[in-house]
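This report reads a structure from its overall build down to single residues.

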Amino acid sequence: MEIERVQEIATLSNINGTIPKEFIRLENEQPATTTIHGVVLEVPVIDLSHPDQQSLVASIFEASKDWGIFQVVNHGIPNELISKLQKVGKEFFELPQEEKEVIAKPIGYQGVEGYGTKLQKEVEGKKGWVDHLFHRVWPPSVINHQFWPKNPPSYRDTNEEYTQSLIGVANNLLGLLSKGLELEEHELKQGLGGEDLVYMLKINYYPPCPCPELALGVVPHTDMSSITILVPNEVQGLQVFKDDHWYDVAYIPNALIIHIGDQIEILSNGKYKSVYHRTTVNKEKTRMSWPVFLEPPPEFEVGPIPKLINEDNPPKYKTKKFKDYVYCKLNKLPQ
Ligand code: OGA
Ligand code: NI
């Protein structure tokens, strides 16, 4: 059975001006009826070079509590490195189809890594207008180079360089998030597996879509990660849910978008909220994004941090292995 990539479907769809019916969302999901058009939501923007630690901690705390999403600027990752990351990823997706298929998820394989198209377990068999590539980038012991593009040749070096920069930003953010909860700087990271914390890169590729008001890219969800650090390209598409409606998130060149994921919500016993988000697609332009999901190792148990629990604050979440959390969420079982 040949798997159809959205990138290929899009080529034909853009010629006839229609999309296959499995991409047409139910009316109550369509951007046409659910997006507040013309209003761009200003999620908090945090300057990581701010000299006053105390106020930095406070602003990240507020953003993570009220929004579960914020953008960071002056984060220390050079703009040129972000451009290079985007360039090599784009070059991979622009290769002839058969070259991309070399690193496709093997048929019947249960892992996450590889080039692919989500065969969604969704009601009524609907599909998202997006292809992706997943591969781990850190730590070295969990990297499978067979899922990294060999082409363009600079893909590997660029991604390794980006990962090194990102580790610095991640440690900084987890430290600041810990302090917001009046914990020691290392405690959130420790609660996620410490140095074994896994960095999983995803590249989303959303081709132009002739009917963007009827389709979705990634369907509404919260990330299962601890935090997700995302670089988008310049095409609008990320939306967050607020007051019963979907709003576009402002695009800020070279900013990193930080999503609070489920594991930080759990560790914080609900103080920090994982953000409900989705993506829309564009009529003329290809949208791409590069989220890196920071995940506990599969066997590592995550639960509310004991120091945050007392008689007035009983645990709101079960403590369980990350792999069991993922299994329940993917199969829509109670946690
Ligand atoms: C995701 C996601 C957002 C984006 O892949 O989990 O939410 O902007 N992506 O592409
Ligand atoms: Ni997401």
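Asn 269 is buried, with a relative accessible area of 6%; buried here means under 20% relative accessible area, exposed over 50%, and partly exposed in between, with a 1.4 Å probe and protein chains only. This asparagine belongs to the loop between helix H8 (262-267) and strand E11 (277-279). Helices (H or I, at least four residues) and strands (E, at least two) are DSSP runs, numbered from the N terminus. Phi of Asn 269 is near 55°, a positive value in a residue other than glycine. Most residues other than glycine have a negative phi, and most peptide bonds are trans.

The model is predicted, so that local features need pLDDT of at least 70 and side-chain atom pairs count only at pLDDT 80 or more, while totals for chains, interfaces and linings use all residues. Residues are numbered from 1 along each chain as its sequence is written, chains are lettered from A and ligands numbered from 1 in the order in which they are written, and side-chain values use heavy atoms, with hydrogens and water left out.

The loop between H8 and E11 also holds Ser 268. Ser 268 is buried at a relative accessible area of 3%. Leaving aside neighbours within four places in sequence, Ser 268 is in contact (heavy atoms within 4.5 Å) with Leu 181 and Leu 308.

**Backbone features**

A positive phi also occurs at Asn 74, near 50°, in the loop between strand E3 (69-73) and helix H4 (79-93). The bond from Trp 138 to Pro 139 is cis, with omega near -5°, and Pro 139 is found between strand E5 (131-138) and helix H6 (155-180). The bond joining Asn 151 and Pro 152 is likewise cis, with omega about 0°; Pro 152 has its place in the loop between E5 and H6.

**The nickel site**

Which residues donate to the nickel ion (ligand 2)? The protein donors are His 221 (NE2), Asp 223 (OD) and His 277 (NE2), lying 2.1 Å from the ion. Donors are N, O and S atoms within 2.8 Å of the metal (3.2 Å for Na, K and Ca); water is not among the atoms, so sites may look incomplete. In sequence the donor residues are spaced H-x1-D-x53-H. His 221 is partly exposed, with a relative accessible area of 21%, whereas Asp 223 is buried at 5%.

The table lists a C-alpha pair for each.

| Pair | Separation in sequence | C-alpha distance |
|---|---|---|
| Pro 297 and Tyr 199 | 98 residues | 9.8 Å |
| Val 169 and Val 72 | 97 residues | 9.8 Å |
| Asp 248 and Gly 38 | 210 residues | 8.6 Å |

Pro 297 lies in the loop between strand E12 (287-295) and strand E13 (301-302) and is buried, with a relative accessible area of 17%. Beyond neighbours within four places in sequence, the contacts of Pro 297 are Leu 192, Gly 193, Asp 196, Val 198 and Phe 322.

Val 169 is part of helix H6 and counts as buried at 2% relative accessibility. Not counting residues up to four places away in sequence, Val 169 touches Leu 48, His 75, Ile 77 and Leu 256.

Asp 248 is found in strand E9 (residues 245-249). At 15% relative accessibility, Asp 248 counts as buried. With neighbours within four places in sequence set aside, Asp 248 is in contact with Val 39, Val 40, Leu 41, Gln 236, Leu 238 and Gln 239.

**The protein as a whole**

The secondary structure comes to 9 helices and 14 strands. Among contacts between residues at least 6 apart in sequence, 78% join residues at least 24 apart. Buried residues make up 53% of the 335 residues.

With 335 residues, a compact globule would have a radius of gyration near 20 Å, and the 20 Å of the protein agrees. This radius is taken over C-alpha atoms, and the globule rule is 2.2 Å times the number of residues to the power 0.38. The C-alpha trace spans about 60 × 45 × 40 Å along its principal axes.
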